[in-house]
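Thanks for asking me to look over this model with you. Here are my notes, written so that you can follow along with the structure open beside them.

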Amino acid sequence: MGRSRANRWQRTAAAVLVMAGVTFAVAGCGPSADKPTGGQRKSSRTAAPATAERAAERQSARLAVDARQAPDDDGSGAMGENAKSSDLGNTSTPRRPRAGFGPAQPPTGPRTLADLVAGDTAGGKAAAESPAAASIRSAQDDAKPDLLIDDTKAAGAGIRKLAGKHLTLYTDVLPGPDVDDLTEAFDRAVPEWCRYFEFDPARAADWHMTGFLINDKTRFVDAGMLPADLPPFPNGYARGKCLWLYDQPDGYYRRHLLLHEGTHAFMSHFLGSMGPPWYGEGMAELLGTHRWQDGVITLGYVPLDKSETPGWGRVKIIKDEIAAGRGMMPAAILDYGPQAHRQNEPYAWCWGLASFLDSHPRYQERFRQLRHMVPDPNSTAWFKQQLQNDWPELNEEWQLFVMNLEYGYDVRRAAIVRKDAQPLPDRGATATIAADRGWQSAGIRLEAGGRYRLEASGRYQVGKTSDIWWCEPGGITLHYYQGRPLGQLLAAVRDDTQSPAGLTPLARPEPVGLETTLTPPAAGTLYLRINESAAKLSDNAGQIEVRIRREG
Ligand SMILES: [Zn+2]
């Protein structure tokens with residue numbers, strides 16, 4: 001057993017050496033989102049025939065990240081990035097984006113309610129009562145011509161009008177359950193945007209947008225609702241007080257686009273900017289990802305299953321990109337330029353980073369401070385500076401996040417629990433590991449080449465609802481996760497005294513089960529966890545006692 005373990009450690013170390021120093025870069029246009037994939041891991045409750053070894057090899061083939069990759073620390077990148085971000089949605093852009101959302105344009109002029117012109121401030125309800133033409137001005141650019149809306153002409157062209165408090169939506173899409181309630185969903189989202197950005201809802205009471213949900217583009221061109229000066233956009237675009245969406249086959253994704261563009265519009269109008277590309281698109285994706293159920297909208301929702309968000313596909317894009325060797329590290333995502341979002345993949349990476357930072361207990365507070373410095377040209381540089389001391393650990397946690405990403409990933413519970421480590425006393429020590437968390441430091445430092453006996457005991461719950469699994473440290477051998485029995489105790493040894501480089505050892509754990517002998521090739525702190533999906537930690541309960549003593 002010891003020999004086999006040692007071999008495995010050697011293979012791990014070799015893989016890390018091969019991978020160290022290799023960083024990812026996005027190249028080319030990936031497959032469209034959300035196609036079914038045979039490779040995507042299913043529920044952790046389903047049996048996986050693959051062995052642990054094969055699972056580990058697959059992981060190592062996918063992941064080649066350098067945790068030492070650090071952000072620019074001179075801030076110059078962020079300055080340039082912000083300067084470039086003012087080009088977001090540049091209307092002179094001649095090329096048609098290949099995929100993704102059309103970027104929204106940040107404001108270039110005053111962004112107050114006083115900018116609103118008569119007929120727009122009246123809101124959808126009032127406008128709905130009057131068939132007269134309404135003039136909507138692009139508030140962020142006074143030089144642009146007004147958009148003259150003629151309801152009678154629109155109706156003649158087969159474009160109907162849906163009136164909400166904060167959104168009037170013109171559409172030629174046939175009535176349906178995921179169409180007619182779009183204005184209501186938007187109205188419900190406004191207080192949620194206010195809440196997330198800590199913005200006084202009273203100041204948004206009269207905010208009103210006009211939207212166009214387009215099936216047949218020519219109708220909108222003929223009705224004067226698709227101005228010639230808009231850049232080409234494949235899915236959605238927001239400018240000033242207007243937003244445009246092409247209809248989508250999936251009701252979820254149609255609403256997602258509306259909320260994505262709505263987030264841009266809200267930020268531009270009330271915060272004065274969308275911020276740098278990574279933040280603007282990250283926020284639009286974070287808050288555009290939602291649940292809409294029984295008249296209640298939840299923004300920043302983490303979908304629990306693919307079926308909740310048809311057409312969205314962000315999880316699949318990230319998994320596919322990693323499988324193709326194009327995984328992105330946080331520093332590269334922070335450096336996205338204004339043209340990056342002509343492709344689909346950056347939307348997924350920006351969602352991933354925003355979702356990770358917004359939920360992670362160690363980074364959430366600093367990330368959320370960005371809400372109040374959106375127009376600051378140095379916001380990204382400031383953020384990088386705030387993270388400077390945590391950068392290696394952040395990269396390590398990011399590796400675990402993207403490698404193990406799946407629907408419902410619980411960033412908070414999966415966050416690594418770190419603890420100061422002490423040498424193992426002669427009498428040994430006992431560590432207590434919670435079943436409902438990710439990696440947890442045992443607080444014990446192991447020496448290189450030492451032989452350590454680990455014996456685990458305890459009975460804990462993996463899952464509740466209809467299928468409670470009472471589990472012991474050996475795991476449940478009828479159910480597998482990542483090629484190992486569900487609930488099995490796992491160990492990894494990570495050197496807390498060095499900045500992690502290459503693939504984190506936590507990505508390639510050793511099975512402990514009820515007992516094992518570890519012989520770490522390098523000194524480090526012992527980390528333990530149970531083998532369980534990061535999406536399914538919340539319904540676990542109980543703990544494991546792990547007795548650690550030195551052998552020989
Ligand atoms: Zn966008």
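The points below go from the whole chain to its core, its sheets and a few single residues.

1. **The chain as a whole.** Please keep in mind that this is a predicted model. The protein chain has 552 residues, and buried residues make up 46% of them. Its secondary structure comprises 16 helices and 22 strands. Among the contacts with a separation of 6 or more, 74% join residues 24 or more positions apart.

2. **The main core.** Which residues have the most contacts inside the largest nonpolar core? They are Ala491, Leu526, Leu528 and Val546, in a core of 124 residues. Domain 1 (2-26 + 413-550) and domain 2 (92-271) each supply at least three residues to this core. As general background, nonpolar side chains in soluble globular proteins tend to be buried together.

3. **Ala491 up close.** Leaving aside residues up to four places away in sequence, Ala491 touches Leu454, Pro509, Glu510, Val512, Leu518, Leu526, Tyr527 and Leu528. Two of the strand pairings in the next point run through Ala491 as well: Leu528 in β21 stands opposite Ala491, and Glu510 in β19 is a bridge partner of Ala491.

4. **Strand β18 and its neighbours.** Strand β18 covers residues 489-494 and runs antiparallel to β19, with two bridges joining them. On β18 there are also six bridges to strand β21 (residues 524-530), again antiparallel. Is β18 enclosed or open to the outside? Six of its six residues are buried, so β18 is largely enclosed by the rest of the structure. In a regular strand, side chains alternate between the two faces of the sheet. Both faces of β18 are covered, with Leu489, Ala491 and Val493 buried on one side and Leu490, Ala492 and Arg494 buried on the other. Do notice that Arg494 is on that list of buried residues.

5. **The five-stranded sheet.** β18 belongs to an open sheet of five strands, ordered β10-β12-β21-β18-β19, and the pairing is mixed. The edges are β10 (422-423) and β19 (510-511); each has a single partner strand, so one side of each is left without a neighbour in the sheet.

6. **The four-stranded sheet.** Another open sheet has the order β11-β22-β13-β20 and antiparallel pairing. Which strands stand at its edges? They are β11 (429-434) and β20 (515-518), and each has a single partner strand, so one side of each lacks a neighbour in the sheet. From one strand to the next, the twist averages 25°. β11 pairs with strand β22 (residues 543-550) over six antiparallel bridges, and within that pair Ala429 stands opposite Ile548.

7. **Strand β7 and its two partners.** Strand β7 (residues 242-246) has four of its five residues buried, so it is largely enclosed by the rest of the structure. With strand β5 (residues 209-214), β7 pairs in the parallel sense over five bridges; Gly211 has Leu243 in β7 as its bridge partner. With strand β6 (residues 236-239), the pairing is antiparallel over four bridges, and Gly236 has Leu245 in β7 as its bridge partner. β6 and β7 form a hairpin with two residues between them, and Gly240 in the turn has a positive phi of about 55°.

8. **Helix α8.** Helix α8 (residues 251-271) has 21 residues and reaches 29 Å from first to last C-alpha, close to the 30 Å expected at 1.5 Å a residue. Buried or exposed? In α8, 19 of the 21 residues are buried, so the helix is largely enclosed by the rest of the structure. Gly272 follows α8 and has a positive phi, near 90°.

9. **Ile297.** Ile297 counts as buried because 20 other C-beta atoms lie within 10 Å, and the cut-off for buried is 20 or more. Apart from residues up to four places away in sequence, Ile297 touches Ala185, Arg188, Ala189, Glu192, His290 and Trp292. Glu184 is 113 residues from Ile297 in sequence, yet their C-alpha atoms are 9.6 Å apart in space.

Definitions and conventions: Residues numbered from 1 in each chain as written. Predicted model: local features only at pLDDT ≥ 70, side-chain atom pairs only at ≥ 80, totals over all residues. Core = buried A, V, L, I, M, F, W, Y, C linked by C-beta atoms within 7 Å. Buried ≥ 20, exposed ≤ 12 C-beta atoms within 10 Å, placed from the backbone. Domains from an automatic or database assignment. Contact = placed C-beta atoms within 7 Å. Pairing = 2+ DSSP bridges. Axes fitted to C-alpha atoms, helices over the stretch in contact; angles between N-to-C directions. Expected span 1.5 Å × (residues − 1).
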